[in-house]
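Me: I am new to this structure and would like a close look at one part of it, the packing of the helices. Could you walk me through that part, and then show me what lies around it?

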Amino acid sequence: MYHIRFHGRGGQGIKSAGRILGTAFFHEGFEVQDAPRYGAERRGAPIFAYVRAARKPINERGVITEPDLIIVADDSLMPIPAAGVLLGAHEQSVLLINTTEQASTWKERLRFPGTVIALPAAEEGKDRAELQYTGAVCTGAAARLAGVITRSALKQAILDELAPLGDRVIERNLANALDAYERMAEHAGCVTEGQGVPADPYHPPEWVEVPFEDARVSAPAIHAAATSVEVKTGLWRTLRPVIDHGRCKRCWWMCTTFCPDSAMSIDAEGYPEIDYDHCKGCLICSAQCHNHAIEAIPEHLAGTGKAGGGRP
Ligand code: SF4
Ligand code: SF4
């Protein structure tokens, strides 16, 4: 059975990537499970999706803990423990990273026990609002690494899954997925099927049994307000919105109203300000600003002087 886990950020098409790969396996005659894991309003947040594929019925359920293939759509997830990218990696695991760095660099940096393959990341586009179709790229590469999915099955799966999104989206995804499929030719079939996890030797984890209590104790609710301020969603950000006060017309209701995380406020002079501890980098504010006064710069370049933005 193939155990495959995709890791990426909300908005990169990771849910669709898992879905397309599952459908491609299905077209090749496999039994399939695929499911994403994410919460509400997760653009920019670490999310994952998993796919199981086997020639016989699949009895396993739940999150994949011993992956045969891990696909990482965004290498900035690697240092985030909560993303759990390396969970359960073993000597037969293959790690495919969408990155600008070498596979050998990642292998050494992570002390990864299995094989590491780099999938060269796309150049930074000029228009950051333009989608990179990263999920499709990862799907195409994953299909080739598995070695049992033909180009035509991959193509059919993309047509099946993306049909509601229209011809233009399908075309771009197809082109990117098939290109990645070809680029991974030298690694075709390098992923081996892992063993299914039998239920017999299952031992419950060393958890603490909590006795039944009054509902107010055993199912506590949080009644205090504003506790989410402790959750620093700014750690999710890969692109940083930077307000150019030279262009800003102080029509603050335009950008601040649309910020889904209430991470924008107004300063004493009427200019919007961004709370970077809680700005997750969704760039909705940038899209709403009709004066193009909010630029998006890569987070890793913020403060290095290598990217524009900021107060004149
Ligand atoms: S919408 Fe643009 S111009 Fe208007 S306040 Fe926001 S940043 Fe400034
Ligand atoms: S400040 Fe802009 S980029 Fe940040 S969370 Fe709000 S809308 Fe998204």
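Reply: The axes of H1 and helix H3 (residues 134–146) come within 8 Å and cross at roughly 30 degrees. That makes H1 roughly parallel to H3, since angles under 35 degrees count as roughly parallel, over 145 as roughly antiparallel, 65 to 115 as roughly perpendicular and the rest as oblique. Axes here are lines fitted to C-alpha atoms, for helices over the stretch in contact, and angles run from 0 to 180 degrees between N-to-C directions. The helices themselves are DSSP runs (H or I, at least four residues; strands are E, at least two), numbered from the N terminus.

A word on the model before going on: it is predicted, and local features need pLDDT of at least 70, side-chain atom pairs count only at pLDDT 80 or more, while totals for chains, interfaces and linings use all residues. Residues are numbered from 1 along each chain as its sequence is written, and chains are lettered from A and ligands numbered from 1 in the order in which they are written.

Back to the pair: H1 passes H3 in a right-handed crossing (left-handed if the near helix is turned anticlockwise from the far one by less than a right angle, right-handed if clockwise). On the H1 side, the contact is made by Ile14, Ser16, Ala17, Ile20, Leu21 and Ala24, and on the H3 side by Gly135, Cys138, Thr139, Ala142 and Ala143; two residues are in contact if their C-beta atoms, placed from the backbone, lie within 7 Å. By class, this contact has eight nonpolar, three polar and no charged residues. Ala, Val, Leu, Ile, Met, Phe, Trp, Tyr, Cys and Pro count as nonpolar, Asp, Glu, Lys and Arg as charged, and the others, Gly among them, as polar.

H1 (residues 14–27) also meets H4, with axes that come within 8 Å and cross at roughly 125 degrees. H1 and H4 are therefore oblique to each other, and their crossing is right-handed. Ser16, Arg19, Ile20, Thr23, Ala24 and His27 of H1 touch Ala153, Leu154, Gln156, Ala157, Ile158, Asp160 and Glu161 of H4. In this contact there are six nonpolar, four polar and three charged residues.

From H4 (residues 151–162) you can move on to H5 (residues 167–183): their axes come within 10 Å and cross at roughly 155 degrees. That makes H4 roughly antiparallel to H5. This crossing, too, is right-handed. Arg151, Leu154, Lys155, Ile158, Leu159 and Leu162 in H4 meet Val169, Ile170, Asn173, Leu174, Ala177, Leu178 and Tyr181 in H5, a contact with ten nonpolar, one polar and two charged residues.

Now step back to the whole protein, which is divided into domain 1 (2–187) and domain 2 (229–301), with bounds from an automatic or database domain assignment. Eleven residues of domain 1 are in contact with twelve residues of domain 2. The side of domain 1 that touches domain 2 has three nonpolar, two polar and six charged residues.

Finally, the ligands: 13 residues surround ligand 1, the closest being Cys248, Cys251, Met254, Cys255 and Cys289, where near means a C-beta atom, placed from the backbone, within 6 Å. Ligand 2 is surrounded by 13 residues, and the closest are Cys259, Cys279, Cys282, Ile284 and Cys285.
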